[in-house]
Amino acid sequence: MEPNISPELLAAYKATRFTAVVDGEAIEIRVGQVCPALNRYLEKTVHASWAFVTASNPASVELSAPENDDRHSQLKGDVAAMGYAFFEGEGVPESGDWEPEQSLLILGIPCDDAKQLGRKYGQNAIVAGRRSEPAALVICGEEPAAKCEHAVQPDLPPGRETNPSGREPATQIESEDSEGGPPYDNTKLGEIE
């Protein structure tokens, strides 16, 4: 069963700017568009898929800042426990009547895992994509087995088999810091600085 999302709310989701700083570069993801800055970063990694997920304001019902902060911390813990690397981000609405929502840009996550996170946190939709493809608004729905309209598959480098969980194995992501310093070793799972 899909959530009942009004056409106005759906239009607001599609007009939202999803922003993050990735490898020292500000990026902006828009539904229906390819994000060149994100693609440049993904080309330097083993990741081909990504998702933008929030825990704030479930079902678009505004919560207090402390409630949203707690939910965001829980989401970060869940994503790290699932083994995915992520960047902090924000969903910035086009209209000024809604505050930006703390979000995570999660790398290498299959769409089904991202939808499951969205459902866990009461979200109507998430944004997901693959390298060199337009970002898609994905309705979370209530059915765990619902097919992902935007079929994002786990990304594994050529020659690597999918592990039993179906998730990408933990990988090392190297990046230069924003001041041009040496690459850092990000073998710890979780937030990428």
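**Exercise 1. The chain as a whole**

What percentage of the 193 residues of the chain count as buried? Work this out, then describe how the chain is built.

*Solution.* Keep in mind that this is a predicted model.

- Step 1. Buried residues make up 47% of the 193 in the chain.
- Step 2. Next come the elements: the chain has 4 helices and 9 strands. Read from the N terminus, they follow the order α-β-β-α-β-α-β-β-α-β-β-β-β.
- Step 3. Now look at the contacts between residues at least 6 apart in sequence: 60% of them join residues at least 24 apart.
- Step 4. Finally, the surface: the chain exposes about 9900 Å², and carbon and sulfur atoms supply 49% of that area.

**Exercise 2. Aromatic pairs**

Find the aromatic pairs, classify their geometry and say which parts of the chain they link.

*Solution.* A pair of aromatic rings is described by the distance of the centres and the angle of the planes.

- Step 1. The count comes to 2 aromatic pairs.
- Step 2. Take Phe18 and Phe52. Their ring centres are 5.3 Å apart and their planes stand at 65°. An angle over 60 degrees counts as edge-to-face, so the Phe18 and Phe52 pair is edge-to-face.
- Step 3. Phe18 sits in strand β1 (residues 17-22) and Phe52 in strand β3 (residues 49-54), so the pair links distant parts of the chain, 34 residues apart.
- Step 4. Check their burial against the cut-off of under 20% relative accessible area. Phe18, at 10%, is buried, and Phe52, at 3%, is buried too.
- Step 5. Tyr41 has a relative accessible area of 3% and is buried; Phe87 has 1% and is buried.

**Exercise 3. Salt bridges**

*Solution.* Side chains of opposite charge can pair when their charged atoms come close.

- Step 1. There are 7 salt bridges by count.
- Step 2. One of them joins Arg17 and Glu28, at 3.2 Å from N to O. Arg17 lies in strand β1 and Glu28 in strand β2 (residues 25-29), so this bridge ties together parts 11 residues apart in sequence.
- Step 3. To judge exposure, recall that exposed means over 50% and buried under 20%, with partly exposed in between. Arg17 is partly exposed at 29%, and Glu28 is partly exposed at 37%.
- Step 4. Another bridge joins Asp23 and Lys44, at 2.7 Å from N to O. Asp23 is in the loop between β1 and β2, while Lys44 is in the loop between α2 and β3, 21 residues apart. Lys44 counts as exposed, at 58% relative accessibility.
- Step 5. Glu88 and Lys76 also meet in a salt bridge, at 3.1 Å from N to O. Glu88 lies in strand β4 and Lys76 in helix α3 (residues 65-82), so the pair ties together parts 12 residues apart in sequence. Glu88 is partly exposed, with 28% relative accessible area, and Lys76 is partly exposed with 24%.

**Exercise 4. Nonpolar cores**

*Solution.* 

- Step 1. The largest nonpolar core has 23 residues. Those with the most contacts inside it are Ile27, Ile29, Leu38, Trp50, Leu105 and Val127.
- Step 2. Two or more residues come from each of β1, β2, α2, β3, β5 (101-107), β6 (125-130) and β7 (136-139). Helix α2 gives the largest share, 4 residues.
- Step 3. Zoom in on Leu38. Setting aside neighbours within four places in sequence, Leu38 is in contact with Ile27, Ile29, Trp50 and Leu105.
- Step 4. There is also a second, separate core of 20 residues, which includes Val79, Met82, Ile109 and Ile126.

**Exercise 5. Sequence versus space**

How many residues apart in sequence are Lys76 and Ile106, and what is their C-alpha to C-alpha distance?

*Solution.* 

- Step 1. Lys76 is found in helix α3.
- Step 2. Along the sequence, Lys76 and Ile106 are 30 residues apart.
- Step 3. In space, their C-alpha atoms are 9.8 Å apart.

How values were computed: Residues are numbered from 1 along each chain as its sequence is written. This is a predicted model: local features need pLDDT of at least 70, side-chain atom pairs count only at pLDDT 80 or more; totals for chains, interfaces and linings use all residues. Side-chain values use heavy atoms; hydrogens and water are left out. Rings of Phe, Tyr and Trp (its six-membered ring) pair if their centres lie within 6.5 Å; planes under 30 degrees apart count as stacked, over 60 as edge-to-face and the rest as tilted. Buried means under 20% relative accessible area, exposed over 50%, partly exposed in between (1.4 Å probe, protein chains only). A salt bridge is a side-chain nitrogen of Lys or Arg within 4 Å of a carboxyl oxygen of Asp or Glu. A nonpolar core is a set of buried Ala, Val, Leu, Ile, Met, Phe, Trp, Tyr and Cys residues joined through side-chain atoms within 4.5 Å. Contact means heavy atoms within 4.5 Å. Accessible areas come from the Shrake-Rupley method with a 1.4 Å probe; for residues, only the protein chains shown count as cover.
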